[in-house]
Each structure stands twice: as C-alpha cells, then as structure tokens.
Amino acid sequence: GAVVHWFKSDLRTRDNKALHMASEKAKEKGVPLIAMYIVSPQDFEAHLTAPARVDFILRTLEVLKEVLAQLNIPLHIATVEKRKAIPGRIVELLKEWGASHLFANMEYEVDELRREAGLVRSCLENDIAMDVVPDTCVVAAGEIENSTGKQYSVFTPWFRSWIAYIHGNGHVLDIFEPPGMNPDSARDRFADLFESKIPDAPDGKKLSDEEKKRFSSMWPAGEHEAHRRLNKFCEERIGSYIAQRDLPGVAATSALSVHLASGTLNARTAVSSALAHSHTPRLDGGSTGMQTWIREIGWRDFYKHVLAHWPYICMNKPWKATYSNIEWEYNPAHFEAWCAGRTGYPIVDAAMRQLRHCGYMHNRCRMIAASFLAKHLLVDWRMGERYFMEHLIDGDFASNNGGWGYCASTGVDPQPYFRIFNPLLQSEKFDADGVYIRTWVKELEGIGGRAVHDPYGRGKGEEARLAGYSERIVPHKESRERCIERYQEGIGGT
Ligand code: FAD
C-alpha cells in the first residue's frame, strides 16, 4: 500500500495541512508516503499563467523534490496534456502504486472545484479514500458570516469578524509539522519515482535565457527562501510597514506574494511568524506596522472567500449584474500604450514597465495603473485583468480579480464615484522625489524636480520629447468627467 499527497498550489513541506495528514495516515498504516504533482499545459493556458510564474513553479518543484528526497519521499511529476484527463490519470497512478488514500489541499477556483468533484467520484469507484482540506486561507472560506448569516461583501466588518474568529478559536494559527521520514524501503520500492524529471516549460510559456536568469535571480524559489524573506521582513521592516508600504520607490513591503501564490509559504505561517516576532498572541497587539501587514494578509483571505461564495466572478462577470451595462471602449491604441508603458503619465508608465521587467508591480501602482485603464481610458477592465495575469509572477486569480474589481468598481463594494485615482496627485504623494519613475522610465532620468511627474505640463516638454517620452494619450480632467458620465449611464446614481 501507499498514501499519496497531491501538491498543487501548496508547494511546501512546512505547515501544509493535507501533507501533514497524509504523513500521519501513512505512519498509522505503516506504508510509505508518495508525493505527486501534475503539470497541465492546458491549465497554464486556460488560466493565463505568466511564463515567469510557470518558470517559478518548475524551479520550486526542483527544490521541493530535493527537500522531500531527504525524507525518503519521492515526488512524481506527471504531465497531462488535457485537463479533463487529470482525474483519470491520477486514479491510474494511485492504482499502479497500490495507494489507498489520496490527500490534497482545496483550491476555490471553479475549474479546480469541478476537477476535484470528478476525482472524488473516480476515487470512490476505485475504493480509494480521498481527503481535500481547506488550507490556503488563514480562516477557511465559509467560516465567517455576517449577522444575517451571509457572506460579507465589505472588507472592514469582515476583517473584524476574521480577527474575532482567530482569537476565538485557539487552534487556527497552529502550525502543522512537516512530514516524517519514509522507511528506507521506499527508496527501492519507488526507485523510478525518485528519478522522475522536472519537465521544461510547455510551448507558449517558455522564457528566453535572459529572462530565465533575470527572474531566477530576482525571485529565488523554494520554501527556505520564503522563510528567509519572511524572517528578514519581520525582523527589519514590519515595524515601518505602515509608514512606507505605499511608497513604490522604497523596498518596504515583504515581496512574499509570489510565495503565498505558489504556496511555498502558508498565509497562516506568515501571520503566526509576524506575531511571534512581535512577542504578542494578538492580531491587534504589536506594532501598527505588524497590524497593518496582517490586514493585508486578511485582504488575500477576503478575496478568496468572495470567490468561494460568488463563483460567477470567475466567469468574466462583474459582482453586481447591473455593472454589465457599463459601455467600455475597445481602443487598441490606448490599450497597447497602457501595456507598453507609453501613456504619457509617468507613474502609470513606470508601473507597467516594472511589471514587464520584474513580473511584479508595487501594490499602490497596481491600483493606479488599473484605475487608469478602467477609468481614464474606459477600456474593459477584463483586458487589464488578463494582461496582469499574463505577466505577474505572483498571479493569483482571487487577488487579481479582487484588485481589478476594486479599481474598476466592478467588484464587491463598488465605489465608482469616489474611487477615480488622479495619477498626478498619486504620483506626487507616493513617489514624491520621483525615484520610482526615474528607475523605470529611462527617458525621464534626466528630468529633475517635480516636473518628473508631468514633464509636458511643467515646462520640461522639450527635454521629454527629445528623450523620446510620449505626451499624454488622454487629458485628465475630461477623462474623469467622461468616466463619471459613462458609469452613470450604465448603472445610474451618483
Ligand atoms: P505585502 O504588502 O508585503 O503584503 C503581504 C501579502 O498580503 C502579499 O504578499 C499578498 O499575499 C497579501 N496582499 C497584500 N495586499 C493585498 C491585496 N490588495 N489583495 C490581496 N492580497 C493582498 N496580489 C497577488 O498576490 N496576486 C495578484 O495577482 C494580485 N493582483 C492585483 C491586481 C490589482 C489590480 C491590485 C490592485 C492588487 C493585486 N494584488 C495581487 C494585491 C497586491 O498588490 C500584492 O499582493 C502585493 O503588491 C504583493 O507585494 P508584497 O508581497 O510585497 O505585499
């Protein structure tokens, strides 16, 4: 016999609930534990997974394979072209290995839930027990409801309940031990699984050599790296997080999103480490920096709960049906200028170029750039959501969709008339000295002082033009007015 853990977006051995349960079950039955990962090129395609993210996952698997091998646990990696074939292939493998139990952590996206429903049926038919457990959020989706027993759609009251839930249930932040050692015999019995190779990225998801080098030095993979970053952040920066987190020119945030998205770090571990470093058991204790950071981890949970409760948001729909009536523009020149970072709004352009270069964008700039596309250009926000997903190394459906919904006012708690970012004011406030702009928009490197935020409007047009920097593709004031009108026509109200 054997017990199997199926790795998905939980690529770690530490604090992994399903893996821990699988290990306990294997011990109880006196059989080895096998780990498995399925590469599905069709899933990468369908989910718009960025090539940088595919590369990060494959690099992570390499590390994970080594970590597991030290515990005599083989990691078998199978490529299954068609995602429909995944449940069938898994059951075949389980039968081949004589496995009696399959464990996995739950994913809340619609395709994944459908896949798991199919797998549960196939396992049942084959007399294999299957456990799928919630582990991706600190608090499982469905655990928090408002006073009328419904899912919250507004973050602040939800967050209060989230804190109360964690404080009221002592075990929520308990960490799961890594799996135990497999017996030595597992090495012989499953020798071929230990030899299983990490595949290359599928066609359409390959990086150039230069990109491969760039991304792997910027974003080293593996759970040890996640812990190193987490500890460093908690030791050095969490205290000043509240003061500096909105400044894109300062490395003040944790840069852990890629690890949380691929599961090399569990959100629960992140919260419990922050508390431990602050020597407090309470989420509302410790420094305001710590509290604010935990609140951001809360946002991640919030959007996953929203997704679990309103799965239709996975299907290109706004949260409120009436918002389908907003008439979007499909101006290809505008969309392309936005993608390329050539809108003539320096802060937007810097943001979009950071995304291309790093597979990452600072949170403040994600908001500015998203708001600019949806509101100033009135381009269908779904095109932006898609573009982000295709380029983010930390691409996560729920957080990305939630962030776009927030900025385009098409998601939960929409505030269309209050949430139109003014790119110039945002730029002056959060990148006051222009460090971020000059880093990413090389054409503006030589523009000194405040003109960097608006070279053409502030007397440096000649220099900007000579350096090849474009003029604004749309004016600010008129775009804002057009946006308000268009939203009013679509949804009514002010
Ligand atoms: P920190 O500031 O250190 O925050 C810690 C962690 O909290 C993050 O790693 C992340 O997991 C979580 N978090 C922080 N802010 C948010 C937020 N607003 N919503 C949800 N979770 C949050 N985040 C993703 O992980 N993947 C995405 O695809 C993604 N797309 C976004 C799209 C838009 C339009 C917007 C506005 C935000 C998006 N975010 C996304 C959220 C946020 O921008 C990133 O999580 C953050 O910038 C990552 O940097 P960090 O790890 O240094 O964050």
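How many nonpolar, polar and charged residues does the shell around the ligand have? Select the ligand and its surroundings in this predicted model, and you'll count 13 nonpolar, nine polar and six charged residues.

**Stop 1: the ligand shell.** Stay with the ligand for a moment. It is surrounded by 28 residues, and T253, S254, S257, N400 and G403 are the closest. Now colour the helices α12 (257-262), α14, α17 (363-376) and α19 (397-408): each of them supplies at least two residues of the shell. The biggest giver is α19, with six residues.

**Stop 2: the whole protein.** Zoom out and switch to cartoon. You're looking at 23 helices and five strands. The radius of gyration is 24 Å, close to the 23 Å that the globule rule gives for 494 residues, so the protein is as compact as a globular protein of that length. Along the principal axes, the C-alpha trace spans about 75 × 55 × 45 Å. Buried residues make up 46% of the 494. Of the contacts with a separation of 6 or more, 77% are between residues 24 or more positions apart.

Stop 3: In general, nonpolar side chains tend to be buried together in soluble globular proteins. Here, pick V4, I34 and L102: they touch the most other members of the largest nonpolar core, which has 92 residues. Helix α14 (residues 288-309) contributes the largest share of this core, nine residues. Back at V4, show its contacts beyond the neighbours within four places in sequence: I34, M36, L94, W97, A99, H101 and L102. Then jump to another core that lies apart from that one; it has 40 residues, among them Y323, L377, A408 and I437.

Stop 4: Most residues other than glycine have a negative phi. L48 has a positive one, near 60°; look for L48 in the loop between α2 (41-46) and α3 (51-69). N316 isn't a glycine either, yet its phi is about 65°, and you'll find N316 in the loop between α14 and α15 (332-340).

Which of these two is exposed, and which is partly exposed? L48 is partly exposed, with 18 other C-beta atoms within 10 Å, while N316 is exposed, with 12.

Key: Residues numbered from 1 in each chain as written. Predicted model: local features only at pLDDT ≥ 70, side-chain atom pairs only at ≥ 80, totals over all residues. Helix = DSSP H or I, 4+ residues; strand = E, 2+ residues; numbered from the N terminus. Rg over C-alpha atoms; globule rule 2.2 N^0.38 Å. Buried ≥ 20, exposed ≤ 12 C-beta atoms within 10 Å, placed from the backbone. Contact = placed C-beta atoms within 7 Å. Core = buried A, V, L, I, M, F, W, Y, C linked by C-beta atoms within 7 Å. Near = placed C-beta within 6 Å. Nonpolar A, V, L, I, M, F, W, Y, C, P; charged D, E, K, R; others polar.
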